[in-house]
Structures are given as C-alpha cells and as structure tokens.
Amino acid sequence: MSQAKADTSLGALIGLDRGGASCFLGVPFAEPPTRIRRFRHPLPRRPWSGEQDATAAGPAPIQPAVLGLGMRGAARTSEDCLTLNIFTPSCDERARPVIVWIFGGAYVNGDGADPLFDGTRLATAQDVVVVTFNYRLGALGFAAIHQPNCGLADQIAALEFVRDHIAQFGGDPACVTIVGESAGAMSVCNLLAAPSALGLFHRAIAQSGAARNVASPAQAQQAAVMLRGALDDAFESADTTDILNAQSAVSQALATEHRALPFRPCTDEALLPHHPIDVASISTVPLIMGMNAHENRLYTRASLRLSDEELLHRIAERVGERAPSVLDHYRLHHPKSTINENAAIASDIATELAFRQPMLDYVGRRTAPTWIYQFDWPSPALRGWLGACHAIEIPFVFGNFDQPSTAKFAGRGPDALALSDEVMTLWSEFARSGRPPARWPQFTQATRQQMRLDREPYIASLNDDPTRRFWEQL
C-alpha cells in the first residue's frame, strides 16, 4: 500500500491508498474532550504542525463490553475519541457526493472505525466520498452534567469538519448525505431538528430508527443527578471504569422509566429546542427511512419458550385488552415459524410497535420528499431464526462481506452481492441527486408505496398489507 496525502487548513494528513481508494483514518475533528472538557461540548480542533499520521483508526469511545451475534466490542477505547475516517476515490477537484455514516448502538456502544463500516467499496463503486466518525456515548456523551447533548454536539462538530475540509478530499460540501442506523437513525432525526445542524447536510437516510428516544429535560436531569451521586460528585476526576460502573447502576435503576436508555439525547434550549417528532413537518431535507422485516428477532432467543397463555399476557402488556384480537390476527396472517412460533409472534409484534409504527408516525408528518423501504433479506444464522433482523442491512450498504462473522450473520454469494450493488446504487443516487432512481416512487399518504429489498427488489403498497390495515383499524 502506498501513501496518500491531503492538505487542509488544519495541516497535512498522510493516509494510505488501499483497494482503489485513498483512506485517511483517525483524523481528529475536535479537541480531546478530557479533563475540564469532560461533559462539555467539543471545541474545534486546533491546527497541527508537520504531517499528521492518518494511516490507522483512532480508539472507539468509552463503552461497556458487548457480546452478541453480529455485534463487535471495540478493541480499543479512549475518552480522546473524536476522530473520523475518510474514504475517497481521489483527493482531486471532482466535488463528489459525500456520505457521512452515523453508527448505532443504543447511544452506549459503537465504533465509527468498525471494519463493517469500511467505506472503500462504497466509495470506489459509486464514486462518492464516505466519512465515518466517533461521538461520545453513554454518560460521557449524554449525561447533562455541565452541558447536555455532548454526543449530539460531537456529531455536529464532525459535520462542521466535513463542511470545512471535505473539498480537499474530492468531496462536495454542498452535497452531503447523513446516513444512520438504529441510534444512528435516531441521530439523523435529531440532526434534522437541530438548528445548528441546518445547512451542514442536504439529504438524510434513517435505517431502523425514528424519533421517539429523546428524553425530556427533567428526565435528563434525573439521570445526571443520579450519576453525580453514584460518583460522589467526583465526575470530572473519576476513572472511566468508575463512570461506566455508575452508568450501569443508573441505567438499571431507570431502565423501565426511561425505556432502557437513560443516557440519550434530550430536548434543550441550545441544540434540540423541540422534540424531533414535533418539527418533522417543517424539514425540507429529502429523506429515505426504512426498517427490516424482523428487527426484534436480534433480541429474541430462538429458545424462548412461551405457552399460549404467556404469549397472550406478553401481548397484553403492550396493547392491553386488545391482546386477543391481535393474537388471533397473527395466528391467521403471520408467516409460520418452523423453529418457535410463539416467540416469533411475540418478537414480530415488538417489531411492529417499536419500529414500524414510529417510522410511519414520523414519515406521516413530513411534507418534504420522502421514500420508505423494508429490508427483507434473511440472515442464515441460527437456522434462519433471525430473519431480516436488526442490523442485517449494514453489510449491504457498504458492500463488506469479507469477515467470517459477517458472512455468518448476513450471508454471502452472488445474490448477496447483487442486492448490495442495488442498495449502494439506491443510496448513492439519492446522495447525488436528492432522489433515488425513478423505479422507487415517493411515499405519499394516498399510495404509501415502499421499496421491498430482497433477492428481487420490488415496490409494494402498505395499503395492500393486511397486518398494516389491522393495526390501523384496531
């Protein structure tokens, strides 16, 4: 691999040429948020002298360990984590569309440099510039100690870096698309509502997440007070291990009240003055929003045993006295699972309530151009139990199937590569022009058409879906 070089107003960067792309890794976009900067919004990065090494990714944000199929724990973490990674076909003057990826992980886990998010294939196949970045997570990112929404401020700072410097990497700062998955998709909705993010991006794609997980100021203050108490008010000098332990204790104490995400963005006067759902109608940014057919299967064990009575009780916890009619509908219309029928029904009802309804609520309020999709490609893992579960679409967005764990989770082969080419083309054409190819019609309340992404992608209307009609008439 040979070296790549880019000059910015902050200083020179030395990256590497790899796979047909120039890659600049671990590029600092803000000052380290450490010591007196802990729990405060980031400061712009100061210029550096000489050449900055950009051949290796920086550490991930501080976070607890993660175990689970399709999920990776970060190999290296640090508070000094505010770096980004740039993948470009060439550092020339082509002014290519820019795709900025926001990772998910419930606002407590994730790494912008995860190999799954390597932008080399997407950049070279579609002639776009791809940027991934880190933002602070958990208590360090979202505890309202000195300033609320530090993690959101990090995201805005990364977009400001893109605005100011991406032209030196062959990108167009006037053609930026933000793309996020899960908490990253929620972040997309937050950025659409954040006044200080206005003009930093021009299109948006939200994968498997909408606008519900935003705390009130009172909830944010409650979590912050509990965190300070758990740390004996030594929140600036505490070791990060102690912060993670305190974060865990507060999260467990507030899990039910705060929907299991006590440390998440909140409405505040500076960055997020209105709940994103309340201002969805005024955004003018074109949006693609979608979900996977069986999102919640990632969080449901195939071995979960539910009697008919237990299943009915579980449904009643979500829908009350309507539970019998919901169960009757799913017995009649739900695709039969050969592995565990009752667990599949419980999980797919959770997908409906936690993913599809929030998505349709959000897009139903928008007046700007909007397109929706459902990703149907099933995971081959666990004898097919997972179906099209949460995160299954990510390898298809980036074209990355090389790692054995990814192939186990998402599959591989000619059909997978063909679908990946389709997804990369759809996303990149939207990034380029502000609308996907004509074969994907815009979502309207009258037709409610969506793209179904599987081995043979096709267009279908939600109006023809009996389960969708059932929920709307319930």
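1. Helices and strands in this note are DSSP runs, helices of at least four residues and strands of at least two, numbered from the N terminus. The model is a predicted one. With that numbering, Ala95 is placed in the loop between β5 (83-88) and β6 (96-102). Ala95 has a positive phi, near 55 degrees, although it is a residue other than glycine. Its relative accessible area is 40%, so Ala95 is partly exposed.

2. Ser208 is found in the loop between β9 (203-207) and α5. The phi of Ser208 is also positive, near 60 degrees, and this residue too is other than glycine. Is Ser208 buried or exposed? Ser208 has 1% relative accessibility and therefore counts as buried, the limit being under 20%.

3. The next point concerns helix α12. This helix covers residues 414-433, and at 1.5 Å a residue its 20 residues should span 28 Å. The buried residues of α12 include Ala416, Leu419, Val423, Met424, Leu426, Trp427, Phe430 and Ala431. Also among them are Ser420, Glu422 and Ser428. After α12 comes Gly434, with a positive phi near 85 degrees.

4. How many aromatic pairs are there? The count comes to 17 aromatic pairs, taking ring centres within 6.5 Å. One of them joins Phe29 and Phe133: the ring centres are 6.3 Å apart and the planes lie at 85 degrees, so the pair is edge-to-face. Phe29 belongs to the loop between β3 (21-28) and β4 (51-53), and Phe133 to strand β7 (residues 129-133); the pair therefore ties together parts that are 104 residues apart in sequence. Phe29 counts as buried because its relative accessibility is 3%, and Phe133 counts as buried because its value is 1%.

5. Another edge-to-face pair is formed by Phe39 and Phe235, at 6.2 Å centre to centre and with 75 degrees between the planes. Phe39 lies in the loop between β3 and β4, whereas Phe235 lies in the loop between α5 (217-230) and α6 (240-254); this pair links distant parts of the chain, 196 residues apart. Phe39 has a relative accessible area of 0% and so is buried. Phe235, at 7% relative accessibility, counts as buried as well.

6. Phe29 and Phe133 also belong to one aromatic cluster, together with Phe103 and Tyr135.

7. Two arginines are placed over tryptophan rings. The charged end of Arg297 sits over the ring of Trp385, 4.7 Å from its centre. Arg455 lies over the face of Trp377, at 4.0 Å from the ring centre.

8. The structure holds six cavities of 30 Å³ or more, and the largest cavity contains about 70 Å³ of space. Which residues line the largest cavity? The lining is made up of Pro33, Arg38, Phe39, Pro61, Ile62, Ser78, Glu79, Cys81, Arg136, Leu137 and Leu140. By class, seven of the lining residues are nonpolar, one is polar and three are charged. Phe39, paired with Phe235 as described above, is thus listed again here, as one of the lining residues.

Conventions. Residues are numbered from 1 along each chain as its sequence is written. This is a predicted model: local features need pLDDT of at least 70, side-chain atom pairs count only at pLDDT 80 or more; totals for chains, interfaces and linings use all residues. Side-chain values use heavy atoms; hydrogens and water are left out. The expected span of a helix is 1.5 Å times one less than its number of residues. Buried means under 20% relative accessible area, exposed over 50%, partly exposed in between (1.4 Å probe, protein chains only). Rings of Phe, Tyr and Trp (its six-membered ring) pair if their centres lie within 6.5 Å; planes under 30 degrees apart count as stacked, over 60 as edge-to-face and the rest as tilted. A charge sits over a ring if NZ of Lys or CZ of Arg is within 6 Å of the ring centre and within 35 degrees of the ring normal. On a 1 Å grid over the protein atoms alone, a cavity is a set of points where a 1.4 Å probe fits but cannot get out, and a pocket is an open set with protein on both sides within 12 Å along at least five of seven lines; lining residues have an atom within 4 Å of a point. Grid points are joined across faces, edges and corners, and a volume is the space filled by probe spheres set on the points. Ala, Val, Leu, Ile, Met, Phe, Trp, Tyr, Cys and Pro count as nonpolar, Asp, Glu, Lys and Arg as charged, and the others, Gly among them, as polar.
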